[in-house]
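Have the structure open and follow along.

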Amino acid sequence: MTTGAWLLLAVGVLSVLLLLWTAWTLTRLRRLAGRVRRARDVLDAALLRRAELAAALAREGADALGPDLAAALATAAAGARAPAAGDREAAENAVGRLLQRVPEAARPAELTEAGVRVGLARRFYNDAVRDTRALRHGRLARVLRLHARRPLPRYFDIDDGLDAVLTGPASGRGPYGGRPAG
């Protein structure tokens, strides 16, 4: 074979490999988009459940909480169930910070469990976002503009005292500043 034939064969092989990699990457991006969507749905459900439980606590436990904390918690829970102008993170931060002020004796176990579920759902969602962003920021994916028209998913970052979910019981603190669950 001549040098030109070898060069043509090498270009053909590289083209097939690039085509296979592109197909594999597009399939992976579609699967990651579905994973992000499902994780976001689970996170939304967990946040809504926590807001409903916080509102119920504000209604039913107003005596144990005190009128100021109960009113603030009811307002924050209502804001978390229907956040204004799409600022979900700020609304959830308000609920989380108020729940940290709730005395442990007044906090139902169901609410603590809901807080742990929010932490886990947030972690799974942010992991899916991280994987998607990492794949889309790869050099070849950027050059080929794979999924370039789709917006990058955003991380969901809230400060609600759930570091024990991420670091384990060794941290000595659980959801909302109390002892670790379990």
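Start with the contact between α3 and α4: on the α3 side, Leu69, Ala72, Leu73, Ala76, Ala77, Gly79 and Ala80 do the touching, and they meet Arg88, Ala91, Glu92, Ala94, Val95, Leu98, Leu99 and Arg101 of α4. Keep in mind that this is a predicted model.

**α3 against α4**
- The axes of α3 and α4 (residues 88–101) come within 8 Å, crossing at roughly 150°.
- Angles over 145 degrees count as roughly antiparallel, so that is how α3 runs relative to α4.
- As for handedness, α3 and α4 make a left-handed crossing.

**α1 against α3**
- Helix α1 spans residues 3–60, and α3 covers residues 67–81.
- These two pack at an angle of about 155°, and their axes sit 8 Å apart.
- That makes α1 and α3 roughly antiparallel too, because the angle is past the cut-off of 145 degrees.
- α1 goes past α3 in a left-handed crossing.
- From α1, the residues in contact are Leu48, Ala51, Glu52, Ala54, Ala55, Leu57 and Ala58.
- They meet Ala70, Leu73, Ala74, Ala77, Ala80 and Arg81 of α3.
- Leu73, Ala77 and Ala80 of α3 turn up in the contact with α1 and in the one with α4.

**α1 against α4**
- The axes of α1 and α4 come within 11 Å and cross at roughly 45°.
- This pair is therefore oblique, and here as well α1 passes its partner in a left-handed crossing.
- α1 brings Asp44, Leu47, Leu48, Arg50 and Ala54 to the contact, while α4 brings Arg88, Glu92, Val95, Gly96 and Leu99.

**Salt bridges**
- Searching the whole structure turns up 11 salt bridges.
- One of them joins Arg35 to Asp131, with 2.9 Å between the closest N and O atoms.
- This pair ties together distant parts of the chain: Arg35 sits in α1 and Asp131 in α5 (residues 109–136), 96 residues apart.

**A nonpolar surface patch**
- Met1, Trp6, Leu9, Val13, Leu14, Val16, Leu17 and Leu20 make up a nonpolar patch on the surface.
- Together they have about 870 Å² of accessible area.
- Leu17, one of the patch residues, is located in α1.

Note on methods:
Residues are numbered from 1 along each chain as its sequence is written. This is a predicted model: local features need pLDDT of at least 70, side-chain atom pairs count only at pLDDT 80 or more; totals for chains, interfaces and linings use all residues. Side-chain values use heavy atoms; hydrogens and water are left out. Patches are made of residues with over 30% relative accessible area and no salt bridge: like charges are joined within 9 Å, nonpolar side chains (Val, Leu, Ile, Met, Phe, Trp, Tyr) within 5 Å. Accessible areas come from the Shrake-Rupley method with a 1.4 Å probe; for residues, only the protein chains shown count as cover. A salt bridge is a side-chain nitrogen of Lys or Arg within 4 Å of a carboxyl oxygen of Asp or Glu. Helices (H or I, at least four residues) and strands (E, at least two) are DSSP runs, numbered from the N terminus. Axes are lines fitted to C-alpha atoms, for helices over the stretch in contact, and angles run from 0 to 180 degrees between N-to-C directions. Angles under 35 degrees count as roughly parallel, over 145 as roughly antiparallel, 65 to 115 as roughly perpendicular and the rest as oblique. A crossing is left-handed if the near helix is turned anticlockwise from the far one by less than a right angle, and right-handed if clockwise. Contact means heavy atoms within 4.5 Å.
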